[in-house]
Amino acid sequence: MYFLVHCSNLLIVFTYCLNMGCNKYLNMQFSGEEITFKRVFNYIFGLYLITLGVAFSIKSGLGSAPVSSIPYAMNLIWNIEIGVATFIFHAILVAIELMLLRGDFRKKHFLQVFVGVLFGAFTSFSVSLMYFIPPAYNLLWTLLMSVISIFFIALGLFFYVPTNIIPLSVEGVTQAIAIVSNKPFSTIKVYLDITIVSTALVLSYGFLGEFGSVGIGTILGALFIGTTVKYIHRINNRITGNNVNLKKM
């Protein structure tokens, strides 16, 4: 209940800031589009759905989702609470982004650390909800959890990405590398995901002697999350007639 009240207060405060004359500044900072309650809600709701997918991936026992593979490895190795580990991971990525962009690093990019806090809190809450779900004792149940994980992450991306407010630091550092290297965002995204999963694998195997946070579920997520987003977009387009721009970051 406290968690829901906290999120509601966050939305109210954000909307209040708009009414107090911050709208023009925020619009300038966040893509020139009007910041509305619906846009902020879709952003926060999308982030939460992603963390719910992350929680299902952890519960499945088949490895975490790619975006959480390093934080989960930190949790397993050093027993760092998953929300705190997520915040540390995102803070490191923002620092890398700062080093890459230097003078082109904008003030709003620091807010990715705040998003990391929000994402970490959502992750902790979502993982705590998994205690109500029975453990996965057979392969079919674990695979079903992986499928649910992929769906929630894809659905979350569908809500969160088009709002174009503040990207998670994973997307932010991807953009920074793409700018510095003059390579397409999609290409760098693939390389970064592989690097993140590989790093998690090295950490897990080096400290634990096992794959730890990386498993078949991690690989399935990397392969099918993007495809699922594409089909969600198609279904939405057929039902509503709205063509959501998923390229806005």
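**Figure 1. The whole chain, helix after helix.** Helices here are DSSP runs of at least four residues, H or I, numbered from the N terminus. Read that way, this predicted model goes α-α-α-α-α-α-α-α-α from the N terminus on. That makes 9 helices and 0 strands. Of the 249 residues in the protein, 45% are buried. Take the contacts with a separation of 6 or more, and 71% of them join residues 24 or more positions apart.

**Figure 2. A look into the largest nonpolar core.** This core has 50 residues, and Tyr43, Leu47, Phe56, Tyr160 and Val170 are the ones with the most contacts inside it. H2 gives the largest share, with 12 residues.

**Figure 3. Who touches Tyr160?** Leave out the neighbours within four places in sequence, and Tyr160 is in contact with Asn42, Tyr43, Gly46, Leu47 and Ile50, among others. Further along the chain, the list for Tyr160 also includes Ile166, Pro167, Leu168 and Glu171.

**Figure 4. Phe56 and Phe152, a stacked pair.** The model has 10 aromatic pairs. In this one, the ring centres of Phe56 and Phe152 sit 5.8 Å apart with their planes at 15°, so the pair counts as stacked. Phe56 belongs to helix H2 and Phe152 to helix H6, so the pair links distant parts of the chain, 96 residues apart. Both Phe56 and Phe152 are buried.

**Figure 5. Trp78 and Phe207, meeting edge-to-face.** Here the Trp78 and Phe207 rings are 5.2 Å centre to centre, with 65° between the planes. Trp78 lies in helix H3 and Phe207 in helix H8, so this pair ties together parts 129 residues apart in sequence. Trp78 counts as partly exposed because its relative accessibility is 45%. Phe207, at a relative accessible area of 51%, is exposed.

**Figure 6. An aromatic cluster.** Phe41, Phe45, Phe158 and Phe159 come together as one aromatic cluster.

**Figure 7. Ser204, tucked into helix H8.** Ser204 has its place in helix H8, and it counts as buried because its relative accessibility is 0%. A polar atom of the Ser204 side chain lies 2.9 Å from the backbone oxygen of Ala200. Neighbours within four places aside, Ser204 is in contact with Ala73 and Ile77, and also with Gly209, Glu210, Phe211, Gly212 and Ser213.

Key
Residues are numbered from 1 along each chain as its sequence is written. This is a predicted model: local features need pLDDT of at least 70, side-chain atom pairs count only at pLDDT 80 or more; totals for chains, interfaces and linings use all residues. Side-chain values use heavy atoms; hydrogens and water are left out. A nonpolar core is a set of buried Ala, Val, Leu, Ile, Met, Phe, Trp, Tyr and Cys residues joined through side-chain atoms within 4.5 Å. Buried means under 20% relative accessible area, exposed over 50%, partly exposed in between (1.4 Å probe, protein chains only). Helices (H or I, at least four residues) and strands (E, at least two) are DSSP runs, numbered from the N terminus. Contact means heavy atoms within 4.5 Å. A polar contact is a pair of N or O atoms within 3.5 Å; within protein, one must be able to donate a hydrogen and the other to accept it, and residues adjacent in sequence count only if both atoms are side-chain atoms. Rings of Phe, Tyr and Trp (its six-membered ring) pair if their centres lie within 6.5 Å; planes under 30 degrees apart count as stacked, over 60 as edge-to-face and the rest as tilted.
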